[in-house]
Amino acid sequence: MINVKRTLVFPGLVLLACWGVGLIFPDLFNAYFQTLVIYSCINIILAVSLNLVNGFTGQFSIGHAGFMAAGAYMSAWLTMTFPHWAGPFLGINFFFNTIAGGLLAAAAGYGVGLPSLRLKGDYLAIVTLGFGEIIRVVLLNIDAVGGARGMYGIPKTASFGWAAGWVFICILTVSRLVNSTHGRAFLSVREDEIAAESVGINTTQYKVRAFVISSFFAGVAGAIFAHFLCYLNPNSFNFMKSIDVVVMVVLGGMGSISGSVVAAIIITLLPEALRPLQEITKLDFRMVIYSLTLIVLMLTKPQGLFGKLEVSDIWKKYVRRSS
Amino acid sequence: MEAFFQHLINGISLGSIYALIALGYTMVYGILQLINFAHSDVYMVGAFIGFYSARWLHVSDSPSYMNFFTVLIIAMVGCGILGFLIERLAYRPIRNAPKLNALITAIGVSLFLEYTGQIVFGPTPQVFPNILSDSIIFSTTSGGVRITRFDATILLTGVGLMIVLEYIIHKTKLGKAMRATSYNSQWASLMGIPVDTIISMTFVIGSALAAAGGILVGIKYPKIEPLMGIMIGLKAFIAAVLGGIGNLGGAVLGGIIMGVAEEFVVGYGAATYRDALAFGILIIILLFRPAGLLGHFSVEKV
């Protein structure tokens, strides 16, 4: 039996709340803070979706920025070329364009995933890295989307409401997915591929599924990015961007959604928090500290901040027991 | 036809640089199964050590082979020490951790070197000192095909270093220990081979080769900057995968193929796809022959 209340009412209420907060959000905070929050939202979507592949399915993708680029360019191109194809309202158009961007990214994910997910470990990492870079180089050479000049004048439609709404949808999808039958299959692929295959799980198919869903959300994140920054350049989606997302996933803990959320926020805010240091020393130490933190964290706490636990598990383990 | 040969010569010269860097990747991968992302930045540091040592020795404007080899050896020694430190401080503690952690650490070291480089060396590109003068040493009568001294030096230095490496790996005790460690490090240590020392030596040798690559790139394309390693490092890594990672001959072959293919793509008018080509080659090779051209494919057993 489908529990209607659990399935529909709760998400509906949260989305409504996102929309409501989104309405008053610009009046409450200054532009700097808003930018940080929306960047955090974009990074959360990227990290949680990549966690589905890297954390839950145990595959190793470092080309997430390529799918983000595909979604960003698709949605921005639609907005620029057909401003009112889905009706007179900017918001509805934006919603459908975001989905279109996500679908293109998912299609790209299918095309990339189907041949390359046969590979394992480091090889898979390098192939996804290669595909990510190829998407970027191809975009650099398409003149219809500006090529190396970039794409200007995208209307600024993505507000806090949209970003937060998509974050919620992404987290909800991934968490419900991994707690479902399909999710068990993903986990079994991660734990032992040969054993999973021997109990009748089509491992390649499940890997591709995880990859496609993950790419879809990367595309959505790209669309929000495009409609928030109002300018796109292929070089924003380079190798470093992919690495950033991988770092978020590993920092938070592979296979922990709440870990990814926390890590995405930390990674977004850390360079900003270190800005005063740069002003004092007149040297850009931020990235040095970032990289050192990364190395030290890997040496001292290799399972990430949360390991495989969620916030709810930690709550049960430490807080409720003590009371 | 002349253009073809000219591109071929340029490609082989570029390819021997890729091969030198690819050797470092393939040696480390062969022993530790780790993609040493920091290798490309060791190469960058090598170019900068060359830059500063030429300044300190006051040979920035006196081109001669003597100065070239002095700078080359200083850079190789410097990077050897750097490679040793990287292995000792960052990679040794996580040797038994999951692969992904090792990879993230490698990326962390790479970022650390890049951004420390931006602070220490400055983010603006520098001009590599003129430690070797260029001249045409061979030219066809029409002048369509020419071999410059730079190309010849790069090729000969590269080949010389590869011969030295080949000698070390196959004729010395150290090389024998390295081969044993890469075959099975646990058994090697049971046979009394000091595995830690051997792994350190692998890093030292690989980093020294990367430094040589840095100097050779410096004399041919004299613009050096802290982020110069990213792209060439990726391409050298692809060269290593193309040849069959863990296989020294494969790295050289892959490097030459990459260099030649790239020069042809640039020479015949698709210069903007230069970077996509490398990844295109990589993807095709991994999909159809995942172990690379000269590698052996091993099937995972239960």
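Predicted model: local features only at pLDDT ≥ 70, side-chain atom pairs only at ≥ 80, totals over all residues.
Contact, as the word is used here, means that heavy atoms lie within 4.5 Å.

**A:Glu193**

- A:Glu193 belongs to helix α8 of chain A, which covers residues 193–198, and its relative accessibility of 18% means that it counts as buried, because the limit for that class is under 20%.
- Although A:Glu193 and A:Ala158 are separated by 35 residues in sequence, their C-alpha atoms are 40 Å apart in space.

**A:Thr98**

- Within helix α4 of chain A, which covers residues 90–116, lies A:Thr98, a buried residue whose relative accessible area is 0%.
- The side chain of A:Thr98 reaches the backbone oxygen of A:Phe94 at a distance of 2.6 Å.
- When neighbours within four places in sequence are left aside, the residues in contact with A:Thr98 are A:Ser75, A:Trp166, A:Val220 and A:Ala223.

**Helices α3 and α9 of chain A**

- Helix α3 of chain A (residues 64–81) and helix α9 of chain A (residues 203–229) have axes that come within 6 Å and cross at roughly 50°, so the two helices are oblique to each other.
- The crossing of α3(A) and α9(A) is right-handed, and on the α3(A) side the contact is made by A:His64, A:Phe67, A:Met68, A:Gly71, A:Ala72, A:Ser75, A:Ala76 and A:Thr79.
- On the α9(A) side, the residues that make this contact include A:Phe211, A:Ser214, A:Ala218, A:Gly222, A:Ala223 and A:Phe225.
- Sorted by class, the residues of the contact between α3(A) and α9(A) are nine nonpolar and nine polar, with no charged residues.

**A:Ser242 and helix α10 of chain A**

- A:Ser242 is part of helix α10 of chain A and counts as buried, with a relative accessibility of 4%.
- The side chain of A:Ser242 reaches the backbone nitrogen of A:Ala65 at 3.2 Å, and the residues that A:Ser242 touches, not counting those up to four places away in sequence, are A:Ile62, A:Gly63, A:His64 and A:Ala65.
- The axis of helix α10 of chain A (residues 239–252) comes within 7 Å of the axis of helix α11 of chain A (residues 257–273), and the two cross at roughly 125°, so α10(A) and α11(A) are oblique to each other.
- Where α10(A) passes α11(A), the crossing is right-handed, and the contact joins A:Val247, A:Met248, A:Val249, A:Leu251 and A:Gly252 of α10(A) to A:Gly259, A:Ser260, A:Ala263, A:Ala264 and A:Ile267 of α11(A).
- By class, the contact of α10(A) with α11(A) consists of seven nonpolar and three polar residues, and no charged ones.

**Helices α2 and α4 of chain B**

- In chain B, helix α2 (residues 39–56) packs with helix α4 (residues 99–120) at an angle of about 25°, their axes being 9 Å apart, and α2(B) and α4(B) are therefore roughly parallel to each other.
- The crossing in which α2(B) passes α4(B) is left-handed, and B:Asp41, B:Val42, B:Met44 and B:Tyr52 in α2(B) meet B:Ser110, B:Leu113, B:Glu114 and B:Val120 in α4(B).
- The residues of this contact of α2(B) with α4(B) fall into five nonpolar, one polar and two charged.

How values were computed. Residues numbered from 1 in each chain as written. Chains lettered and ligands numbered in written order. Heavy atoms only, no water. Axes fitted to C-alpha atoms, helices over the stretch in contact; angles between N-to-C directions. Helix = DSSP H or I, 4+ residues; strand = E, 2+ residues; numbered from the N terminus. Parallel < 35°, antiparallel > 145°, perpendicular 65-115°, else oblique. Left-handed = near helix turned anticlockwise from the far one by under 90°. Nonpolar A, V, L, I, M, F, W, Y, C, P; charged D, E, K, R; others polar. Buried < 20%, exposed > 50% of the residue type's maximum accessible area, 1.4 Å probe, protein only. Polar contact = N/O pair within 3.5 Å; in protein donor to acceptor, adjacent residues only side chain to side chain.
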